[in-house]
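Please look at the sequence and structure first.

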Amino acid sequence: MTLLKTFKTLPLELARGEDVWVWDTAGRKYLDLYAGHAVCSTGHCHPHVVKAVQEQVGRLIFYSNVAALPLRNQAAALLLKHAVGFAAALFANSGAEANENALKMARRHTGRHEVVAMIGGFHGRTAGAISATGIEKYRKQSEPLVPGVSFVPFGEIPALTEKTAAVILEPVQSMAGCRTAPAEYFQRLRELCTKNGTVLIYDEVQTGIGRTGTMFFAGRHGVIPDLVTLAKGIGSGIPLSAVLVSGPIAERVQYGEYGATFGAGPVAMAAMKATLEVVEGLLPNVVEVGRTLAKCSERVPGVLEVRGLGLLLGLKLEGDAPAVQKALLDRGVIVGTADEPGVIRLLPPLTLSHVHVDSFVKTLADALKASAAAGPATPK
Ligand SMILES: Cc1ncc(COP(=O)(O)O)c(C=O)c1O
């Protein structure tokens, strides 16, 4: 064994990627509706991102936040231009790290330590992030947990107390099968947090950077949270994460409280800036193609329900999800499964077109028939 076991791997070995396509080492081409888990937002190896990263690697690979870089300021300004209602950004390296920082910020800002999180929510695998994750099997693996977190059903308004520092949620719960909630839920939660002096945190590690058809979920339904965490799609695959911080919280932060050696490194900043420049132009595509993709329940027998928003979709199937995933892979399409049995997840590059959707719909119909005939696959 050389690599420690992490995620159960798909039975394919990849060699390269371009836009919505990846090729395996045998030269076989796959339509990638998974994007390395919602990461390759601009598609694989988008020329604008590749150029920006290549140029930056030749200019200055790294310098930490201890020295100012014009590129860092430009990239952060571009991110904040889209983040209406936020004053500053903190950069880190992974979604879990962004959530750790957000939870710490909420606790320091309020002087309280309790956190309300959602059943079904996923926030990462580090101590604080996993302790706020509402999926029992992941929490169990990580005990003892950081104390002070309680869980409520997503979509139900929680009771907050004078000890509640933060409410954290994924606006679309991806791992739980792409569930979201009505506008009034987010609006009432905002009112309640404001009234109670509680920090509202949106984990937009998946919904952020255009995936739901707007740059962020924050701002939707007129609701602006106090903190937003971002990762995955933010650098088109170059590791990077961020916390968007509202004015009152940012103003009280002092030097030395937050930071990471690699956070906001030049290559990651070049990747983020180029990614944002591309994603700005893709938002209408996400809305339109996402809408067409969501209609696959009308076109394919065996798709019982489609959940989610934009290009973050969960398809509830009549059949066994791992079996359908395998049948799709055999037919040259990569999709994900979810924590909820019977759901496959589609998290494709935001460049996906109607032509790709048509081809997927036909392949899905065929894969559903084949997997029903073959019976259940080994669970993931
Ligand atoms: C909503 C959400 N938050 C946080 C994370 C953790 O991100 P990372 O794996 O980059 O630490 C994930 C990862 O899947 C996620 O989906």
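T42 touches V49, S236, T275, V278, V279 and T351, leaving aside residues up to four places away in sequence; contact means heavy atoms within 4.5 Å. The model is predicted: local features need pLDDT of at least 70, side-chain atom pairs count only at pLDDT 80 or more, and totals for chains, interfaces and linings use all residues. Residues are numbered from 1 along each chain as its sequence is written, and side-chain values use heavy atoms, with hydrogens and water left out.

**T42**
- T42 lies in the loop between α1 (35-38) and α2 (47-59); helices (H or I, at least four residues) and strands (E, at least two) are DSSP runs, numbered from the N terminus.
- T42 counts as buried because its relative accessibility is 1%; buried means under 20% relative accessible area, exposed over 50%, partly exposed in between (1.4 Å probe, protein chains only).
- The side chains of T42 and S236 are joined by a polar contact of 2.7 Å.
- A polar contact is a pair of N or O atoms within 3.5 Å; within protein, one must be able to donate a hydrogen and the other to accept it, and residues adjacent in sequence count only if both atoms are side-chain atoms.

**Positive phi**
- A35, in helix α1, is not a glycine but has a positive phi near 55°.
- With 0% relative accessibility, A35 counts as buried.
- I209, also not a glycine, has a positive phi of about 55°.
- I209 sits in the loop between β8 (199-203) and β9 (227-230), and is buried at 2% relative accessible area.

**Cis peptide bond**
- The peptide bond from E143 to P144 is cis, with omega near 0°.
- P144 belongs to the loop between α6 (136-141) and β6 (149-153).
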